[in-house]
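Colleague: I have a single chain to look over. Please take me through it briskly.

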Amino acid sequence: SNIVEIPESIGTLQILGQFWIFNNQISSIPETIGDLPNLSQFSIDYNNLTQLPESLCNLPEHCVINVTNNQLCEQYHFECVNSWDPQECEE
């Protein structure tokens, strides 16, 4: 069975160092993701993301953020994202 959502409570996992979820059905990331001070790797490739929370860029500066193979339009190409591939989206 596939993982379909990340709970809001992820923001309470203060010692979480790496987060990898590939090939699932996740369509959104909670704003609380930006509350993780020790995260060094956030990879959520091959999911169904259609948007990203701006709080993603609150993660530590050294955190590597990968969001390839999702359904993300250019508007979500934040400077903090390391690896991504834009989809052509209709306005």
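Colleague: Where is the place of L59?

Modeller: This is a predicted model, in which local features need pLDDT of at least 70, side-chain atom pairs count only at pLDDT 80 or more, and totals for chains, interfaces and linings use all residues. Residues are numbered from 1 along each chain as its sequence is written, and side-chain values use heavy atoms, with hydrogens and water left out. Strands are DSSP runs of E of at least two residues, and helices are runs of H or I of at least four, numbered from the N terminus. L59 sits in the loop between β2 (41–43) and β3 (64–66).

Colleague: Is L59 buried or exposed?

Modeller: Buried means under 20% relative accessible area, exposed over 50%, and partly exposed in between (1.4 Å probe, protein chains only). L59 has a relative accessible area of 6%, so L59 is buried.

Colleague: Which residues does L59 touch, not counting those up to four places away in sequence?

Modeller: Contact means heavy atoms within 4.5 Å. With residues up to four places away in sequence left out, L59 touches I33, G34, L36, L39 and I65.

Colleague: Why does W20 count as partly exposed?

Modeller: W20 lies in strand β1 (residues 18–20). W20 counts as partly exposed because its relative accessibility is 45%.

Colleague: What pattern does the chain follow along the sequence?

Modeller: The chain has zero helices and three strands. Read along the sequence, the pattern is β-β-β.

Colleague: What share of the 91 residues counts as buried?

Modeller: The C-alpha trace spans about 40 × 35 × 20 Å along its principal axes. The accessible surface comes to about 5500 Å², with 45% of that belonging to carbon and sulfur atoms. Of the 91 residues, the buried share is 43%.

Colleague: What is the mean pLDDT of the chain?

Modeller: pLDDT is the predictor's confidence in each residue, from 0 to 100. In the chain, 99% of residues reach 70 or more, and the mean pLDDT is 93.

Methods. Accessible areas come from the Shrake-Rupley method with a 1.4 Å probe; for residues, only the protein chains shown count as cover.
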